[in-house]
Amino acid sequence: MAHQAPEEIIQLVKQIFRTYLKERNQRQTPERFMVLEEIYRSDGHFDADDIFFNMKKAGTRVSRATVYNTLDLLIECGLVQRQQFGKNQYYYERSYAYQQHDHMICKECGVVIEFCDPRILEIQNLMEKIHDFEVEGHSLHLFGRCNDREACQRRKESGDKIKSIKEKQA
């Protein structure tokens, strides 16, 4: 499911972020917009350090504090979602023009498998009607263990924090 956002989406989210910052009298610094671009040009899930080190590796001068503060602003304005996959660390993913999906997480190796099932939306709609409630979003995380123990062990030993379904199928 994860892939780089198209250029028109990147330009649109930059405008949304610009408007959000202006309405709240926040500074529109180039570094904040570089963080936003890095996120929307990235695939899948990432932590704040992933963004920081990717930007440093690309030669961008940005501080860790700027990355963390910008992530908070992007969450507030709805352009990024924060996830916690059963550990003490947060992971992030873009949320604008990104298909609603849910996650299965292996408690052994940490692989995160994204999936989309329209029945979940049907349940959400039914719950709204039954309980006279407006759902603004949802998060479903299913925890378990990989059936392929060898692949699970390889992922665990590699030290990778998050894997996507496309890497699992490779």
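Biologist: How do the axes of helix α1 and α2 cross?
Modeller: The axes of α1 (residues 7-23) and α2 come within 10 Å and cross at roughly 145°. Axes are lines fitted to C-alpha atoms, for helices over the stretch in contact, with angles from 0 to 180 degrees between N-to-C directions. Helices (H or I, at least four residues) and strands (E, at least two) are DSSP runs, numbered from the N terminus. This is a predicted model: local features need pLDDT of at least 70, side-chain atom pairs count only at pLDDT 80 or more, and totals for chains, interfaces and linings use all residues. Residues are numbered from 1 along each chain as its sequence is written, and side-chain values use heavy atoms, with hydrogens and water left out.

Biologist: Which residues make the contact?
Modeller: On α1 they are I9, I10, V13, K14, F17, R18 and L21, and on α2 they are R32, F33, L36, E37 and Y40. Contact means heavy atoms within 4.5 Å. By class, the contact of α1 with α2 has eight nonpolar, no polar and four charged residues. Ala, Val, Leu, Ile, Met, Phe, Trp, Tyr, Cys and Pro count as nonpolar, Asp, Glu, Lys and Arg as charged, and the others, Gly among them, as polar.

Biologist: And where do α1 and α4 meet?
Modeller: F17, Y20 and L21 of α1 touch T70, L73, L74 and E76 of α4. That contact divides into five nonpolar residues, one polar and one charged.

Biologist: At what angle do the axes of α1 and α4 cross?
Modeller: At roughly 95°, with the axes coming within 11 Å. That makes α1 roughly perpendicular to α4; angles under 35 degrees count as roughly parallel, over 145 as roughly antiparallel, 65 to 115 as roughly perpendicular and the rest as oblique.

Biologist: New topic. How many aromatic pairs are there?
Modeller: Three, counting rings of Phe, Tyr and Trp (its six-membered ring) with centres within 6.5 Å. Planes under 30 degrees apart count as stacked, over 60 as edge-to-face and the rest as tilted. The rings of F46 and Y92 have centres 6.3 Å apart and planes at 25°, so this pair is stacked.

Biologist: Where do F46 and Y92 sit in the chain?
Modeller: F46 is in the loop between α2 (30-40) and α3, and Y92 is in strand β2 (residues 91-94).

Biologist: Last one: where is H141?
Modeller: H141 is in strand β5 (residues 141-144). Not counting residues up to four places away in sequence, H141 touches Q83, Q84, F85, H103 and I105.
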